[in-house]
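Subject: Structure handover

Hi,

Here is the structure I promised to pass on. Please open it next to this email and follow along.

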Amino acid sequence: MNVKTSIRSVLVSQPRSASENTPYNTLKQKHKLKMDFRPFVHVDGLPPQEVRRQRITIQHFPNIIFTSRNAVDYFFKTCEDAHYKVPPTLKYFCQSKAVGQYLHQFAVYRKRRVCVGERSIEDLAEHFSKYSDEKFLLPSSDSLNPKTIDFLNSIGINWKRIILYRTVASDLSDLKNVYYDILVFYSPAGIFSLFKNFPDFKQNDTVIAVFGSSTVQAALDHNLRVDVKAPTSDCPSMTMAIDKYIQSMG
């Protein structure tokens, strides 16, 4: 449903890319948009005592599952804080190519075994099956996608989760009287942050664009009207979905 007669401004609830050559920059130039980026959430590491309270010994796990770059950061930070020297025999299972590439900063590939999925945890099913008799550890935040949990349980591997950091709503109070035509969300946490900062938020004619089914559900749970969804068969990226929406307004 088109609720706007024109789109002039977009707020993306993520950090701005360091590169100027991005799909969002192309979208901005194509439609002459005011394009701002603002993280709606940030992560805080758990205090060491909270990590220890989980009674999980990292040394007992020969396989590590990474679903995000934050998980990589906090896993190696935890190892460093505990004075645990990560062995070269450790195997890594990265949900996506982006996570796998980020791992380069911490692990030398030629000395360690790394399995990388295309985009989702399901892409690693065949790799998991090769080591089904071994233990797997999944470092994560306090919120983990239920689909990840369901998938790992369904394939019958011996896995544990260790919570190393938490997702926290950022302070957005300076945006109280700032209006954007489109608000873009990539995670349920972004939706929760919106309402934590602005409990009385009214959508009215603001276009809500969301990425992923869990983000869609979070928006609906907060009685938001979802105007733009991605990924879809014809719009695999958010920028493509926004571009199509703007063009549909004629």
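**What I found**

Threonine 206 touches Tyr179, Tyr180, Asp181, Leu183, Arg225 and Asp227, leaving aside residues up to four places away in sequence. Threonine 206 sits in the loop between helix H7 (188–197) and E10. Is threonine 206 buried or exposed? Its relative accessibility is 4%. Buried means under 20%, so threonine 206 counts as buried.

Keep in mind that this is a predicted model.

**The whole protein**

The protein has nine helices and eleven strands. Its C-alpha trace spans about 60 × 35 × 35 Å along the principal axes. Of the 250 residues, 44% are buried. The accessible surface comes to about 13900 Å². Carbon and sulfur atoms account for 49% of that surface.

Now the contacts between residues at least 6 apart in sequence. Of these, 67% join residues at least 24 apart.

Charges come next. There are 33 positive and 24 negative side chains. The centres of the two sets lie 3 Å apart.

**The sheet**

Look for an open sheet of six strands. The order is E3-E8-E7-E4-E5-E6, and the pairing is mixed. Which strands stand at the edges? They are strand E3 (41–45) and strand E6 (113–116). Each has a single partner strand, so one side of each is left without a neighbour in the sheet. From one strand to the next, the twist averages 25°.

Next, find strand E7 (residues 135–141) and strand E8 (residues 158–169). These two pair in the parallel sense, over seven bridges.

Helix H3 (residues 69–81) lies across E3, strand E4 (63–66), strand E5 (91–94), E7 and E8. H3 runs at about 105° to E8.

**Helix H9**

Finish with helix H9 (residues 238–248). Which of its residues are buried? They are Met238, Thr239, Ala241, Ile242, Asp243, Tyr245 and Ile246. What covers them includes helix H1 (23–31) and strand E9 (182–185). Strand E10 (207–211) and strand E11 (228–230) are also part of the cover.

Best wishes

How values were computed
Residues numbered from 1 in each chain as written. Predicted model: local features only at pLDDT ≥ 70, side-chain atom pairs only at ≥ 80, totals over all residues. Heavy atoms only, no water. Pairing = 2+ DSSP bridges. Helix = DSSP H or I, 4+ residues; strand = E, 2+ residues; numbered from the N terminus. Axes fitted to C-alpha atoms, helices over the stretch in contact; angles between N-to-C directions. Contact = heavy atoms within 4.5 Å. Buried < 20%, exposed > 50% of the residue type's maximum accessible area, 1.4 Å probe, protein only. Areas by Shrake-Rupley, 256 points an atom, 1.4 Å probe, with all protein chains shown as cover. Lys, Arg positive; Asp, Glu negative; His and termini not counted. Charge placed at Lys NZ, Arg CZ, Asp CG, Glu CD.
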